[in-house]
Amino acid sequence: MRDALMESLFELAEKDPNIMLLTGDLGYGVFEEFEKTYPNQYLNVGVAEQNMIGVATGLALEGKTIFTYSIGNFPTLRCLEQIRNDACYHELNINIIATGGGFSYGGLGMSHHATEDIAIMRALPNMTILIPTTAEETSSSVVNLYHNKGAGYLRLDKSKFTDASLAHSKNVLGKVNILREGNDITLIVVGGIADEVMKAASELSNKKIECRVLSLYSIRPIDKDAIKMACKETMGIVTIEEGNLAGGMGSAIAEVCMDNKFKPKIFKRVGLEERYSAVVGSQNYLRSYYKMDSMAIIDFVLKEYEKLLK
Amino acid sequence: MEGINTEELARKIRIHAVKMVNKGGSSHIGSVLSIADILAVLYGRVINYRPNDPKWDGRDRFILSKGHAGVGVYAVLAECGFFNIKELDKHYQNGSIFSGHVSHKGVPGVELSTGSLGHGLPVAAGMALALKIDKKPHRVFVVMSDGELDEGSNWEAFMFASHHCLNNLVAIIDRNKLQSMKSTEETLALEPLLSKLDAFGWDAIETDGHNHEELLNAIQGETDKPRVIIANTTKGKGVSYMENKVEWHYRTPTGEFFEQAMKDLGEES
């Protein structure tokens with residue numbers, strides 16, 4: 001995802017000298033070329049995220065389009081009030097990029113597990129929230145955030161879902177991407193954990209359950225039509241996200257369903273349940289430990305189907 | 001701007017401020033009176049602006065980081081022609097745009113909404129950097145409180161501004177030595193402040209924050225570093241019973257208190 005990110009940033013920076021990339025002293029081995037090519041459009045502000053958003057606000061008030069970068073919770077939670085009062089309230093084109101979504105940095109421990117960021121960014125009015133699943137969605141996200149006025153959040157992941165057939169998919173702001181067609185049950189996912197979801201869909205297909213898999217990609221604006229069709233055309237919805245369930249992507253889907261009287265027969269949110277992740281391990285290990293891997297998804301869907309068939 | 005009598009402008013800011021706080025039933029009057037002279041010197045003699053074109057690109061930028069003294073900014077902007085003085089009556093009223101903490105929404109001349117402390121300097125530094133990148137000659141002024149220096153974000157920005165040699169940035173610290181509940185030194189000691197700021201790489205100057213000529217001298221003059229002015233002030237300056245009294249951070253002057261304030265400021269109530 002970082003390669004796709006850099007490719008897009010290079011393209012935009014070349015076209016628009018008012019684009020600036022600010023980092024909170026992270027991106028070793030990633031930003032050197034950008035700094036060399038566009039020295040006036042790159043700034044390492046040091047390990048100082050509050051100041052990073054403040055400086056971004058000052059630059060944006062003077063007409064710059066900003067991308068800030070850091071990992072995990074640092075670019076969001078550490079400077080939340082600056083994001084709210086300065087970037088969002090002043091309606092500035094400041095786009096926050098967090099790499100290491102969910103358990104990407106699993107081995108580094110709880111401080112580096114980004115598990116509440118989706119909920120917290122969702123609480124900020126007008127914040128565009130994009131969580132790509134594929135490299136292609138990552139590129140589109142950067143371009144969409146550039147064109148979209150107002151603050152934005154881009155959550156990147158170490159893992160990504162790869163499927164050659166998606167290379168030319170159009171990634172439109174506020175529209176889902178269909179990763180797999182199916183009319184039995186809908187699985188909605190954000191981020192690289194889509195890999196697990198697609199594995200589950202494939203296994204379930206062997207058991208004659210055809211899953212529709214949607215990459216939500218754009219949590220705000222959200223694709224109400226796709227959610228409506230999922231409720232209408234399939235048995236229901238299972239959401240899968242690498243993060244805390246309270247206020248996360250699944251909550252966003254639940255809100256759309258309740259507010260619009262869409263009535264899925266099955267509804268389940270898969271993710272981290274009301275806890276801090278104290279366990280150390282690889283991204284895959286933690287997905288399995290916290291029951292958000294393909295096995296957990298398969299188990300749930302099969303149980304629900306049994307209940308429905310009784 | 002040459003023709004503006006800054007002493008008279010400062011007096012008017014104080015009168016408007018007391019009237020607004022009285023009518024609105026709002027607070028922080030001591031903090032406003034503290035910076036009335038700084039605002040008068042900045043808007044009367046220093047800052048370039050066009051009241052009929054608030055976003056004029058050639059303007060100097062001004063940020064009030066101690067947003068709780070917002071009525072002072074509303075008053076000086078009204079006096080300088082950004083909007084009708086009568087608008088000030090709407091401060092703190094239901095549906096008003098003139099909130100207690102300074103807001104940019106709908107108020108011409110306000111660059112940044114503040115209110116939570118420690119936000120103004122980082123934003124001012126970003127503006128100053130943008131002006132440098134774009135090779136624009138304008139300056140950025142930010143007025144901060146001394147109590148607000150407790151916020152760590154300011155020290156991130158102090159480091160940032162000197163690292164990037166932002167000599168188009170001027171920070172004025174309203175050093176009235178009182179914060180919300182007690183003195184700054186009893187709460188979280190700031191001294192030795194001048195040498196601290198000097199060590200952070202700023203052109204640090206100390207001056208009398210109520211002496212207009214001294215303030216002007218401190219603001220003017222070339223420097224190759226960002227400049228910070230410790231303006232020694234008296235909280236509640238100009239109203240006898242409010243001076244150096246922490247309670248006027250919160251209280252609203254009503255009745256006899258209001259009458260006395262008007263009298264002290266040479267205004268018939």
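**Close-up views of a predicted two-chain model**

View 1. Residues up to four places away in sequence aside, A:A246 touches A:A119 and A:E274, contact requiring C-beta atoms, placed from the backbone, within 7 Å.

**View 2. The largest nonpolar core.** This core has 165 residues, and A:L187, A:V197 and B:A125 have the most contacts inside it. Such a core is a set of buried Ala, Val, Leu, Ile, Met, Phe, Trp, Tyr and Cys residues joined through C-beta atoms within 7 Å. Helix α2 (residues 29–46) of chain B supplies the largest share, 11 residues. Beyond its neighbours within four places in sequence, A:V197 contacts A:L187, A:V189, A:V213, A:I240 and A:I297.

**View 3. Chain B.** Chain B contains nine helices and five strands. Its C-alpha trace spans about 50 × 45 × 35 Å along the principal axes. Of its 269 residues, 53% count as buried.

**Conventions.** Residues are numbered from 1 along each chain as its sequence is written, while chains are lettered from A and ligands numbered from 1 in the order in which they are written. Because the model is predicted, local features need pLDDT of at least 70 and side-chain atom pairs count only at pLDDT 80 or more, whereas totals for chains, interfaces and linings use all residues.

Methods. Contact = placed C-beta atoms within 7 Å. Buried ≥ 20, exposed ≤ 12 C-beta atoms within 10 Å, placed from the backbone. Helix = DSSP H or I, 4+ residues; strand = E, 2+ residues; numbered from the N terminus.
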